[in-house]
Amino acid sequence: MPLDERHAGDAAALLRVRGLARHFPIRNALGLRRGSVKALDDVSFDVRPGETLGVVGESGCGKSTLGKTLAGIHRPTAGSVLFEDAEIAPLQGAARRVVARRLQYVHQDPGASLDPRWTIRRSLHEPLIVHSGLSEAEREQRVRGILREVGLPPDRLDSYPHELSGGQQRRVGLARILTLQPRLVVLDEPTSGLDVSVQATVLKLFRSLQRQFNLTYIFISHDLAVVRMMCDRVAVMYLGRIVELGPTDAIFKDPRHPYTRSLLAAIPRIGGPRVTDGFVLEGEPPSPGKLPSGCRFRTRCPNAAPQCAEADPPGRTVAEGRVAACHFA
Amino acid sequence: MKALVFIVSRLYRDRSAFLGALIILALVVVALAAPLLVSHPDAAWAMNPQVRLRPPGGEFLFGTDRMGGDIYARVIYGARITLTIAVVAVGVSLLIGVPVGLVAGFYGHWLGEVLMRVSDIFLAVPQIVLAIAIALTLGPSIENVILALSLTYWPWFTRLVYAETQSLKNEVFIEAAMALGVPPWRIIVTHILPNVASPIIVRTSIGMGFTILTAAALGFLGLGAPPPAPEWGRMISESREHLPDAWWYALAPGLAIFLVVMGFNLLGDGLRDILDPRIRRAQHGRG
């Protein structure tokens, strides 16, 4: 049963994802299908307008695939995605590109998302040329307005990406997306590769832009401290599935799923216990091409019981607004 | 414009590439100004059997051929034929090869596979053999030489553009443009094409030299322009019966082919060094 089903979700949800799956084929030497990697497997959740939903998990858990599938870079293998009450999962080509205007994706490194041969001005005009019928003067006005909002001087417009600092490149990447005035922005690892002081500035910028442009964020990160600071709710992913979802405070205070518990134990704290003391995870997660029977976490779970090998635990509501996929949660 | 100034200034510093550029410039000037460089308009076609096989000197700078034609005038007018063949054949190859490579590289799936297998079939046969077969079938004329060379050279551009496009397709900025909702044709024309322009330019220059050599070979085999036309390859072919006595017969057209092909290759190599940022950096490192 898909997660979040009993918890029927808000009628006002901006994005409603149900049973979303993205499988990548594994091919043998002859190019024949030999199996598939289930990068996303039966993922369901809602995103409320104006909130920031964090998505956390280890490398390879499917966080980025989730973001890219929602953004239309990957096509979903199965499932439904309702965005602003319209089904977008099966859309392709021009019909899907229209959605991109309202649902945007920010790459981990927005600097690399700029064509190295293009000036900043040309990169910022591009989305408007594609999606709007504005004249060049109107576009320039919009671009300059957005540039001011993200805190870049207009003389940067004639620079090339390599002439900007990492923080400035990120601002340009954001400006490029905001020119389209999206509702929902998927931020994929937005703070990785930045030093801490720049990180704080960028996070502050996300906040103020959210207020100003009435944005809703899906915030994909493996940095739990940042997620705790930024997000209203958190979804914890393990091997292509959401294992726990709920308000940030509640999850950090009282994690229900054993995987969430071990993840949180891995946060270093000044004066706290050694990271290794509470850390129960052993080894690497199993390959998503060869999932264990029953619960996919059982091979690393400290509480694994015989029933875990038999039944795949469905997501159940364990408290008000909280869902966990564990037999014992 | 800025890029052009940059390329010219870099070429000036790279001595061998600059030499190549000078040779090609000379070829173009000679081809355009041919009528001004010879004594009378049809000197290249005139036959004076009474002065046949004269050695160089005096009235005939490079000597005369078996029909008494002025080899100097014939080599000068031959530049026009050579340049026409090279420009048109490489131009047509570009027009076919680049779009096919872009589409095959960007879309990948079955269409790309089909296009690439077709170009592989062309590449599997040596270009000269395929060009001979085509020219033989169609009969000797300049048009057919151009056709044969175009049909056999385009897969080189396809291969090159295909490989570059495939690696570019995985760049974050291309993926970002897709996520932004930029239509594929627009991504191909505005993002991918400018980023593969450098290797295409280099391949064009080297391809010109290659095409001239193949065209000369076709002329040598009697598959080029029919007899009165002053074609370099054919002139060398004619000279065989009169060697070694009439040593000057093959000298001028042979030198012309040698210089022009070398010019294009030197320029191509130089452009590769100038346009490839990795090599550029390495040169900076050396100081």
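Helices (H or I, at least four residues) and strands (E, at least two) are taken here as DSSP runs, numbered from the N terminus. The model is a predicted one, in which local features need pLDDT of at least 70 and side-chain atom pairs count only at pLDDT 80 or more, while totals for chains, interfaces and linings use all residues. Side-chain values use heavy atoms, with hydrogens and water left out.

We can begin with the overall build of chain B. Its secondary structure comes to 12 helices and zero strands. Along the principal axes, the C-alpha atoms of chain B fill a box of roughly 75 × 50 × 30 Å.

Next comes the meeting of the two chains. Contact, meaning heavy atoms within 4.5 Å, links 16 residues of chain B with 23 residues of chain A. The size of an interface is often given as the accessible area lost when the parts come together. Here chain B and chain A bury about 1800 Å² between them, with 58% of it on carbon and sulfur atoms; buried area is the accessible area (1.4 Å probe) that two parts lose on being put together, summed over both. On the chain B side, Glu175(B), Ala179(B) and Leu180(B) lose the most area to chain A, together 33% of what that side buries.

Glu175(B) also takes part in a salt bridge with Lys68(A), side chain to side chain, at 3.3 Å from N to O. The rule, a side-chain nitrogen of Lys or Arg within 4 Å of a carboxyl oxygen of Asp or Glu, finds one salt bridge across this interface. Helix H8 (172–179) and helix H9 (184–220) of chain B each supply at least two residues of the side that touches chain A, and the largest share, seven residues, comes from H9(B). By class, that side of chain B holds nine nonpolar, five polar and two charged residues, where Ala, Val, Leu, Ile, Met, Phe, Trp, Tyr, Cys and Pro count as nonpolar, Asp, Glu, Lys and Arg as charged, and the others, Gly among them, as polar.

Both chains also contribute to a pocket. On a 1 Å grid over the protein atoms alone, a pocket is an open set of points where a 1.4 Å probe fits, with protein on both sides within 12 Å along at least five of seven lines, and lining residues have an atom within 4 Å of a point. The second largest pocket has a volume of about 1000 Å³, a volume being the space filled by probe spheres set on the points, which are joined across faces, edges and corners. Of its 32 lining residues, Gly72(A), Ile73(A), His74(A), Arg75(A) and Met178(B) are the closest to the centre. H2(A) gives the most to this lining, with four residues.

Terms used: Residues are numbered from 1 along each chain as its sequence is written. Chains are lettered from A and ligands numbered from 1 in the order in which they are written.
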